[in-house]
Amino acid sequence: MIVVCTIHQPSAEVLAQFDRLLVLQRGRVAYAGDNGQAFAAYLERINLHLPRFENALEFFLRKMLEHTNDHHFTDMWSLAVTDTEMNQNSTPADPQAGMSASSMKEHPIATHTNSKWHQFKVVMHRNFLDMVRDKDKLLTSLSLKASGSLTIGLLFINQGRHSDSSALYNTLGPLFFIVLNAGFDSVMQTVMIIPIVRPILIREFHSGALSFTSFFAAQVLCNLLFDSISSCFYFPAYFVIGLRLTAWQFFTFLAALVTLTAVTGAAGLLVGSTTSDFKQARQIILPMLQVPLLLSGYLLPKNDLPNFLEWAYWLSPFQYAQSIILINEFDGRNFSDGVAGSDYLHEQGLGSEDVARNFGLMIAMLVGLLIAAYFGAQRRFRTIVKRM
C-alpha cells in the first residue's frame with residue numbers, strides 16, 4: 001500500500017519513517033527521490049554541505065528560504081534529473097536509490113551530540129531569517145513605530161523650543177507617551193514568544209536536535225536585539241517636539257528607550273514562560289503593568305506617593321527611563337521667565353547623578369528578569385515533557 005501525505009517541518013525521527021520525499025519550492029519540484037543517503041548525496045552534489053547531526057530536510061528548507069524570490073533549487077533539480085553522469089547510488093531520478101526507512105532505523109539519530117554553541121548559532125540564524133524574510137511585515141512594523149512617534153511629535157510640535165518654562169511643562173506629556181509606547185510595544189511582542197515556540201522546542205528536543213538552554217538563549221537574544229533596535233525608530237518625535245539638539249543628549253534618549261524595551265521585553269518573556277498559552281499571558285501582563293505605569297513619575301510623582309508605596313516606585317522600569325529622559329532634557333537648562341530646569345528636577349527628587357544609577361538598575365532588572373524567565377520556562381518545559 002502506498003501512503004502519500006504532506007507534513008510541515010518533521011522531526012528527524014518522523015522523517016526517518018518516510019521512504020521517499022517530494023520537496024516543492026513555489027509549486028515546482030526541488031527534490032523528488034528517496035529519503036536517507038540519496039537525499040544527503042543530492043545535497044552534497046549541489047554544494048549544500050549538511051552539518052553533522054542536523055535534520056537534512058530542515059537544513060534544505062532553511063537554504064530554500066534564502067532563495068524565496070528565485071527558482072535556484074528547482075533549476076538545480078531539473079539539471080540533476082537530466083545529468084547522466086550522476087552516481088548510480090545517489091541518482092534522484094532512480095526510485096530505488098538511497099536508504100530505506102527500515103535501514104535508517106539501524107543508525108539512530110544522536111541526541112544532543114552537536115555542541116550547544118552550534119545549536120545556538122543554528123537557532124539564531126533561523127530566527128534571523130524568520131524576522132527579515134517577510135520584508136513587507138518588517139517594514140510595516142518599523143514604520144508603525146516611526147509613524148506613532150511622528151504623530152506624538154506633531155501633536156506637540158515645537159513645544160520644546162519655547163524659551164520660557166512652557167517648554168518644560170508642555171513636553172512632559174509627550175515624553176511620557178513615548179516611554180509608554182516603547183515599553184508596551186516590547187512587552188506585547190515578547191509575551192507571546194514562549195507560548196508560540198514551545199511546541200517547536202518540544203519537537204526538536206525529542207528529535208535530539210536542540211537542548212533547552214541553546215534554544216532559549218538564541219530565541220531570547222534574537223528577539224531582544226530586534227525589539228531594542230526597533231525602539232530606535234521612536235526618534236522622529238525627538239526632533240519634531242524640539243528637544244535639545246546635541247549628540248550626547250540624543251543618544252542618551254535612545255539608550256534609555258533601548259534599555260527600557262529590553263527590560264519590558266524580559267518581563268514579557270517571564271510571563272510568557274510561566275503561562276500555558278498567549279491568551280493567559282495577556283490576561284496577566286496587562287494588570288501587571290498598571291502599577292509600574294502609575295509609578296512612572298508622570299501620573300503620580302514620587303514626592304506624592306504614600307509612605308507605604310515608596311518601595312514600589314523602585315520596581316518600575318518606566319520611572320527609571322522617564323527620569324533619565326527628564327534629567328537629560330532639563331538638567332542645566334534655564335528658561336527666560338526665571339525657571340531653572342534643575343530646580344524642577346530637584347522638586348521631583350532627581351539629579352544628574354541619577355542617570356548612571358538608573359541605567360545600572362535597569363540592567364540589573366533585565367538580568368534578574370531573564371534569569372527568572374529561563375528557570376520559569378525550563379520548569380514548565382520539563383513538566384510538559386514528563387506528561388508526554
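1. Contact here means heavy atoms within 4.5 Å. With that in hand, take Ser149: leaving aside neighbours within four places in sequence, Ser149 is in contact with Phe233, Tyr234, Phe235, Pro236 and Ala237. Ser149 sits in helix α7 (helices are DSSP runs of H or I with at least four residues, strands are runs of E with at least two, and both are numbered from the N terminus). Its relative accessible area is 0%, so Ser149 is buried (buried is under 20% relative accessible area, exposed is over 50% and partly exposed is in between, with a 1.4 Å probe and protein chains only).

2. Before going on, a word on the source: this is a predicted model, where local features need pLDDT of at least 70 and side-chain atom pairs count only at pLDDT 80 or more, while totals for chains, interfaces and linings use all residues. Residues are numbered from 1 along each chain as its sequence is written, and side-chain values use heavy atoms, with hydrogens and water left out.

3. Now the whole chain. There are 18 helices and two strands, and buried residues make up 47% of the 388 residues. Among contacts between residues at least 6 apart in sequence, 74% join residues at least 24 apart. The accessible surface comes to about 19900 Å², with 61% of that belonging to carbon and sulfur atoms (areas come from the Shrake-Rupley method with a 1.4 Å probe; for residues, only the protein chains shown count as cover).

4. How do the axes of α13 and α16 cross? Helix α13 (residues 247-273) and helix α16 (residues 317-330) have axes that come within 9 Å and cross at roughly 180°, and the two are therefore roughly antiparallel to each other. On the α13 side the contact is made by Trp248, Gln249, Thr252, Phe253, Ala256, Leu257, Leu260, Val263 and Thr264, and on the α16 side by Pro317, Phe318, Ala321, Ile324, Ile325 and Asn328. Those residues divide into 11 nonpolar, four polar and no charged (Ala, Val, Leu, Ile, Met, Phe, Trp, Tyr, Cys and Pro count as nonpolar, Asp, Glu, Lys and Arg as charged, and the others, Gly among them, as polar).

5. For the geometry terms: axes are lines fitted to C-alpha atoms, for helices over the stretch in contact, and angles run from 0 to 180 degrees between N-to-C directions. Angles under 35 degrees count as roughly parallel, over 145 as roughly antiparallel, 65 to 115 as roughly perpendicular and the rest as oblique.

6. On to salt bridges (a side-chain nitrogen of Lys or Arg within 4 Å of a carboxyl oxygen of Asp or Glu): the count comes to four. One of them joins Asp34 to Arg20, with the closest N and O atoms 2.6 Å apart. Asp34 is in strand β2 (residues 28-34) and Arg20 in strand β1 (residues 20-25), 14 residues apart. Asp34 is buried at 8%, whereas Arg20 is partly exposed at 42%.

7. Are they buried or exposed? Glu329 is buried at 2%, and Arg333 is buried at 15%.
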